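Me: I'd like to go through some charged side chains in this one with you. Could you take the structure below and start wherever you like?

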Amino acid sequence: MQREENFIEDTLKHFTFLQNKRKTFIPSGGEPGPVSEVFNNDRIKIIFIDTHRIILAESRSKRKSNSDLLTLFYKVLDDELNDAARKQQKVVVVAHHPVYAKGNHYQPMPWWQASIRRFANSNTNYPPYHRMTVRIDSLLKAHQGPVIYYVSGHEHSLEYFVRDNVHYIVSGAGSRTDKINFENSFEANEHCT
């Protein structure tokens, strides 16, 4: 992760429009975040999180270091959301893994994929992934601010859900697209385009 960050930072520093800017690879140092930036005269807060790092920590949560990392991560995310609600800021949480999705990663895994952690980590049915989404989702729904958006990729599709006034956007169709069976897959309070 650190090599990837160094490569991106070194490459981007050659573009003149990015010179004298803060770091562009965030969260940095292989940390999960959350890291926030404010825009539009302090009216919008964007919170960046590394969900892959959280899934890994959730899968090893019996270790004290991972347990401490998770406790701190969810506390800081809660603090960021509380701060945004106090300031009446719109919130955009940016992550790789979606909280809600109906694409291929939502489908049950074949047994051989479930036995390989690399595949299992990317599937919503994998217990550590599921624990992460439940915890993030409950934090998002607990905060009453102007608007909260959770923007992610991961699925090779475009999806949009609204649950309890939180907007979930999945925009992961940059490299390829997968078909999604929408038939009978949504509850009455769920919207998808």
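Reply: Bearing in mind that this is a predicted model, I would start with K141, which is partly exposed, with a relative accessible area of 23%.

Me: Which residue does the side chain of K141 meet in a salt bridge?

Reply: The partner is D137, and the N to O distance in that salt bridge is 3.0 Å. Both K141 and D137 belong to helix α6, which covers residues 127–142, and they sit 4 residues apart, about one turn of the helix.

Me: And is D137 buried or exposed?

Reply: D137 is buried, because its relative accessible area is 9% and the cut-off for buried is under 20%.

Me: OK, zooming out, how many salt bridges does the structure hold?

Reply: There are 10 salt bridges in the structure. Two others that I would look at are in helix α3, where K64 pairs with D68 and K75 pairs with D79.

Me: How far apart are the closest N and O atoms of K64 and D68?

Reply: They are 3.1 Å apart, and the two residues, both in helix α3 (residues 64–86), are separated by 4 residues, about one turn of the helix. K64 counts as exposed at 62% relative accessibility, whereas D68, at 39%, counts as partly exposed.

Me: What about K75 and D79, what's the N to O distance there?

Reply: For the salt bridge between the side chains of K75 and D79 the N to O distance is 2.7 Å, and here too the spacing is 4 residues, about one turn of helix α3. K75 is partly exposed, with a relative accessible area of 49%, and D79 also counts as partly exposed, at 35% relative accessibility.

Me: Switching topic: where does K90 lie?

Reply: K90 lies in strand β3, which runs over residues 90–94, and at 41% relative accessibility K90 counts as partly exposed.

Me: Which residues does K90 touch, leaving out those up to four places away in sequence?

Reply: With those left out, K90 touches R43, I44 and K45, and also P146 and V147.

Me: And V38, how far is its C-alpha atom from that of K90?

Reply: The two C-alpha atoms are separated by 9.8 Å, while K90 and V38 are 52 residues apart along the chain.

Key
Residues numbered from 1 in each chain as written. Predicted model: local features only at pLDDT ≥ 70, side-chain atom pairs only at ≥ 80, totals over all residues. Heavy atoms only, no water. Buried < 20%, exposed > 50% of the residue type's maximum accessible area, 1.4 Å probe, protein only. Contact = heavy atoms within 4.5 Å. Salt bridge = Lys/Arg side-chain N within 4 Å of Asp/Glu carboxyl O.
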